[in-house]
Amino acid sequence: MKKQILDIIKKKNKSKIVSLTAYSKNIASILDNFCDIILVGDSLGSVLYNYKSTRQVSLKTMIEHSKSVRMGIKKSLMVVDMPHNTYRNSKEALKNAKKIISITKCDAVKLEGGKKIYNIVQALTKNKIPVMGHLGLLPQSDKTFKYKGKKSSERNKILNDAKLLESAGVFSIVLECVETTLAKKVTSQINIPTIGIGASNNCDGQILVLDDLIGLNPIDVRFVKKYSNIRKEIKKAVFNYSQDVRQKKFPLKKHSY
Ligand code: KIV
């Protein structure tokens, strides 16, 4: 059965929420059997397009990938990142969120930020647009990529932002690169699920970029556990194929018409 927003909220304090990113149909259809939430993340800017920052990702690109992902999903909740400069005010956010949802048929959108976007999130949720929040490291606006929660001012801000987002009506919050005890505090002080990436096991769920966990994206960061070395598998297959073609072992008669 297709997961709904309420199914995700109900998981808080009961069972962990499993989430991954997908940027295309075939991958989404594999993840769909194991994930509660599939996110079309704007991380595709760096992972697929080699952009220096997710700020370069356009709405059109997010919509095209989301249309593909949608075709691979039957059960999971599908969330789409609203890219940078598509939610600078309530009117713009509403117009673009409606466009994303109507074209991609996703279940919710994700926006980065806290107090600064409070009114915008509220405008969306009042218009029945389900919103996932994103706090901690904010790739669309942060200049440096350091974990959050060292300074007490930073800790207070993240905690207050989480409470504000909850009051604005978000159904869950991604906590990216948030220090362990702060992730615990935020998770225990709000009634909606937190989904961590580099934010310890104190969150209600976990998300990773699929390409990182299967070793397709050759990066090495502390919070990623590599569950496979898919580059090695692809290399092996492509090497065997190249050998077969050169040695005239492929295609054979059975592959021909
Ligand atoms: O863009 C993305 O993939 C994300 C996740 C890392 C949470 O926002």
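Visitor: Which residues of H5 are buried?
Guide: The model is a predicted one. A residue counts as buried when its relative accessible area is under 20%. In H5 that gives Glu92, Ala93, Leu94, Asn96, Ala97, Ile100 and Thr104.

Visitor: What covers the buried residues of H5?
Guide: The cover includes both helices and strands. Among the strands are S3 (77-81) and S4 (108-110). The helices include H4 (59-72) and H6 (118-126).

Visitor: How far apart are the end C-alpha atoms of helix H5?
Guide: Helix H5 runs over residues 90-104, which makes 15 residues.

Visitor: Is Glu92 buried or exposed?
Guide: Glu92 sits in helix H5. The limit for a buried residue is under 20% relative accessible area. Glu92 has 17% relative accessibility, so Glu92 counts as buried.

Visitor: Which residue does the side chain of Glu92 meet in a salt bridge?
Guide: Beyond its neighbours within four places in sequence, Glu92 is in contact with Asn85, Thr86 and Tyr87. The side chain of Glu92 also reaches a backbone nitrogen, that of Arg88, at 2.5 Å. The salt bridge, at 2.6 Å from N to O, joins the side chain of Glu92 to that of Arg88.

Visitor: Is Arg88 buried or exposed?
Guide: A residue is called exposed when its relative accessible area is over 50%. Arg88 has 55% relative accessibility, and therefore counts as exposed.

Visitor: How many salt bridges does a search of the whole structure find?
Guide: Side chains of opposite charge can pair when their charged atoms come close. One of the pairs is Glu179 with Arg155, whose closest N and O atoms are 2.8 Å apart. Glu179 lies in the loop between strand S6 (172-176) and helix H8 (180-189) and Arg155 in helix H7 (residues 152-168), so this pair ties together parts that are 24 residues apart in sequence. The search of the whole structure finds 11 salt bridges.

Visitor: Which residue's side chain meets that of Asp36 in a salt bridge?
Guide: The N to O distance of this salt bridge is 3.9 Å, and the partner of Asp36 is Lys11. Asp36 belongs to the loop between helix H2 (25-31) and strand S2 (37-40), while Lys11 belongs to the loop between helix H1 (5-10) and strand S1 (17-21), 25 residues apart. Asp36 and Lys11 are both buried. The residue asked for is Lys11.

Visitor: With which side chain does Ser43 make a polar contact?
Guide: Ser43 is in the loop between S2 and helix H3 (44-47). Ser43 counts as buried because its relative accessibility is 16%. Not counting residues up to four places away in sequence, Ser43 touches Thr21, Tyr23, Thr54 and Val209. The polar contact, at 2.6 Å, is with the side chain of Tyr23.

Visitor: What distance separates the C-alpha atoms of Asn191 and Ile30?
Guide: Asn191 is in the loop between H8 and strand S7 (194-197). Asn191 is exposed, with a relative accessible area of 61%. Asn191 and Ile30 are 161 residues apart along the chain, and their C-alpha atoms are separated by 31 Å.

Visitor: What area do domain 1 and domain 2 bury between them?
Guide: Domain 1 covers 5-226 and domain 2 covers 229-257. Their centres, taken over C-alpha atoms, are separated by 39 Å. In contact are 4 residues of domain 1 and 4 residues of domain 2. Carbon and sulfur atoms carry 62% of the buried area, which is about 330 Å².

Visitor: How many residue pairs are in polar contact across the interface of domain 1 and domain 2?
Guide: The count of salt bridges between domain 1 and domain 2 is 0. For polar contact across this interface, the number of residue pairs found is 2.

Terms used
Residues are numbered from 1 along each chain as its sequence is written. This is a predicted model: local features need pLDDT of at least 70, side-chain atom pairs count only at pLDDT 80 or more; totals for chains, interfaces and linings use all residues. Side-chain values use heavy atoms; hydrogens and water are left out. Helices (H or I, at least four residues) and strands (E, at least two) are DSSP runs, numbered from the N terminus. The expected span of a helix is 1.5 Å times one less than its number of residues. Buried means under 20% relative accessible area, exposed over 50%, partly exposed in between (1.4 Å probe, protein chains only). Contact means heavy atoms within 4.5 Å. A polar contact is a pair of N or O atoms within 3.5 Å; within protein, one must be able to donate a hydrogen and the other to accept it, and residues adjacent in sequence count only if both atoms are side-chain atoms. Domain bounds come from an automatic or database domain assignment. Buried area is the accessible area (1.4 Å probe) that two parts lose on being put together, summed over both. A salt bridge is a side-chain nitrogen of Lys or Arg within 4 Å of a carboxyl oxygen of Asp or Glu.
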